[in-house]
Amino acid sequence: MSTGTKAIIRLRMSSHDAHYGGNLVDGARMLGLFGDVATELCIRADGDEGLFRAYDAVEFLAPVYAGDFIEAEGEIVSAGNTSRKMRFEARKVIRPRPDVNDSAADLLPEPIVVCRASGTCVVPKDKQRGQR
């Protein structure tokens, strides 16, 4: 069925995402990205956005700052009649280098995992029209 379906998004954290001193981005922003990935996964699998039911685990592993490029990836790891169990990971792939100049940035040689989570989405039976 839809097990193994993956989706990935990449975007730059802006100054509007910075919530704390030092341009630190709120961890909830990563959960928002995971929600966007979950929506795409449900659309890919079922042709419907579905509803996020719950996270069962969330780990914040490294800080994220305005200017960082974050790649958020998700995968459907199991599927029931209406539920879709998903696993997520967010990685920092580019970081700004204001110490060099105001527009310098580095592609990281190895992405830094900043957040991991798992959760469940639900797509009601009457709304499912995806791949079977």
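The protein averages a pLDDT of 94, and 96% of the residues score at least 70. The model is predicted. Work through the exercises with the structure in view.

**Exercise 1. Confidence and overall build**

Task: State where confidence is lowest and where it is highest.

Solution. 
Step 1. Look at strand S2, residues 18–20. Confidence is lowest there, at a mean of 90.
Step 2. Turn to strand S7. Confidence is highest there, at 98.
Step 3. Read them along the sequence.
Step 4. Along the principal axes, the C-alpha atoms fill a box of roughly 55 × 25 × 20 Å.

**Exercise 2. Strand pairing around S7**

Task: Find how many bridges join S7 to strand S6, and how many join S7 to strand S4.

Solution. 
Step 1. Locate the strands. S4 covers residues 51–60 and S7 covers residues 105–122. S6 covers residues 83–96.
Step 2. Take S6 and S7. They run antiparallel and are joined by 13 bridges.
Step 3. Pick one position in this pairing. Ile94 has Leu107 in S7 as its bridge partner.
Step 4. Take S4 and S7. They also pair in the antiparallel sense, over eight bridges.
Step 5. Pick one position here too. Phe52 has Cys121 in S7 as its bridge partner.

**Exercise 3. An arginine in S6**

Task: Decide whether Arg84 is buried or exposed. Then name the side chain that Arg84 contacts.

Solution. 
Step 1. Arg84 sits in strand S6.
Step 2. Check its accessibility. The relative accessible area of Arg84 is 0%.
Step 3. Apply the cut-off. Buried means under 20%, so Arg84 is buried.
Step 4. Find the partner. The side chain of Arg84 makes a polar contact with the side chain of Asp46, at 2.8 Å.

**Exercise 4. Salt bridges**

Task: Give the number of salt bridges in the structure. Then say which parts of the chain the pair Asp17 and Arg29 ties together.

Solution. 
Step 1. Side chains of opposite charge can pair when their charged atoms come close.
Step 2. Take the total. The structure holds 13 salt bridges.
Step 3. Examine one of them. Asp17 and Arg29 meet through their side chains at 2.7 Å, N to O.
Step 4. Asp17 lies in the loop between strand S1 (6–12) and S2, and Arg29 lies in helix H1 (residues 28–46), so the pair ties together parts twelve residues apart in sequence.
Step 5. Compare their cover. Asp17 counts as buried, at 15% relative accessibility. Arg29 counts as partly exposed, at 26%.

**Exercise 5. Salt bridges from strand to strand**

Solution. 
Step 1. Start with Glu75 and Arg87. Their closest N and O atoms are 3.7 Å apart, and they form a salt bridge.
Step 2. Check accessibility. Glu75 is partly exposed at 22%. Arg87 is partly exposed at 47%.
Step 3. Move to Arg116 and Glu89. Their side chains meet in a salt bridge at 2.9 Å, N to O.
Step 4. Arg116 lies in strand S7 and Glu89 in strand S6, so the pair ties together parts 27 residues apart in sequence.
Step 5. Widen the view. Salt bridges that share partners join Arg10, Glu71, Glu73, Glu89, Arg91 and Arg116 into one network.

**Exercise 6. A buried loop residue**

Task: Is Ala66 buried or exposed?

Solution. 
Step 1. Ala66 lies in the loop between S4 and S5.
Step 2. Check its cover. Ala66 is buried, with a relative accessible area of 16%.
Step 3. List contacts, leaving aside neighbours within four places in sequence. Ala66 touches Met13, Ser14, Ser15, Ala18, Asn23, Val25 and Pro96.
Step 4. Contrast sequence with space. Ala66 and Arg95 are 29 residues apart in sequence, and their C-alpha atoms are 8.9 Å apart.
Step 5. Return to the protein as a whole. Of its 132 residues, 35% count as buried.

Technical notes. Residues are numbered from 1 along each chain as its sequence is written. This is a predicted model: local features need pLDDT of at least 70, side-chain atom pairs count only at pLDDT 80 or more; totals for chains, interfaces and linings use all residues. Side-chain values use heavy atoms; hydrogens and water are left out. Two strands pair if DSSP finds at least two bridges between them. Helices (H or I, at least four residues) and strands (E, at least two) are DSSP runs, numbered from the N terminus. Buried means under 20% relative accessible area, exposed over 50%, partly exposed in between (1.4 Å probe, protein chains only). A polar contact is a pair of N or O atoms within 3.5 Å; within protein, one must be able to donate a hydrogen and the other to accept it, and residues adjacent in sequence count only if both atoms are side-chain atoms. pLDDT is the predictor's confidence in each residue, from 0 to 100. A salt bridge is a side-chain nitrogen of Lys or Arg within 4 Å of a carboxyl oxygen of Asp or Glu. Contact means heavy atoms within 4.5 Å.
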